[in-house]
Amino acid sequence: MTKKDIALKVADATGIKQVIVKKVLQGIFDCIIESLVREEKIELRNFGVFKIKTRRPRIGRNPRTGQTVPVPPRKVAVFKPGLEMKQKIK
């Protein structure tokens, strides 16, 4: 499902124009991204939690040459589904 598909479903369900729904969705996504850049946790009740985790440095291997290379620490965005989502997916 794409952002456009979500906008279509919301527009059909609410009667709001699709263009307006797209702007609102993009605003929500921008807000989530900005919060993650500031390393803030975003908790959406009954949906889930977005947060930033730092991966530890490690030793990797170049698959072409077999040579070991250091992989530096990095930050990644993670999502943990909420209880209601987990129950509905089961």
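## Lining of the largest pocket

Helix α2 (residues 18-37) supplies the largest share of the lining of the largest pocket, 4 residues, in what is a predicted model, where local features need pLDDT of at least 70, side-chain atom pairs count only at pLDDT 80 or more, and totals for chains, interfaces and linings use all residues. Residues are numbered from 1 along each chain as its sequence is written, and side-chain values use heavy atoms, with hydrogens and water left out.

The lining consists of Leu25, Ile28, Phe29, Ile32, Leu44, Phe47 and Phe50, which by class gives 7 nonpolar, no polar and no charged residues. The volume of this pocket is about 160 Å³. On a 1 Å grid over the protein atoms alone, a pocket is an open set of points where a 1.4 Å probe fits, with protein on both sides within 12 Å along at least five of seven lines, and lining residues have an atom within 4 Å of a point.

## Packing of α1 and α2

Helix α1 (residues 3-14) packs against α2 at an angle of about 125°, the axes being 9 Å apart, and α1 is therefore oblique to α2 (angles under 35 degrees count as roughly parallel, over 145 as roughly antiparallel, 65 to 115 as roughly perpendicular and the rest as oblique). Contact (heavy atoms within 4.5 Å) involves Lys3, Lys4, Ile6, Ala7, Leu8, Val10 and Ala11 of α1, together with Gln18, Val21, Lys22, Leu25, Gln26 and Phe29 of α2.

## Surroundings of Pro73

Pro73 lies in the loop between β4 (68-71) and β5 (74-81). Leaving aside neighbours within four places in sequence, Pro73 is in contact with Arg55, Arg56 and Pro57.

Note on methods: Points joined across faces, edges and corners; volume = space filled by probe spheres on them. Helix = DSSP H or I, 4+ residues; strand = E, 2+ residues; numbered from the N terminus. Nonpolar A, V, L, I, M, F, W, Y, C, P; charged D, E, K, R; others polar. Axes fitted to C-alpha atoms, helices over the stretch in contact; angles between N-to-C directions.
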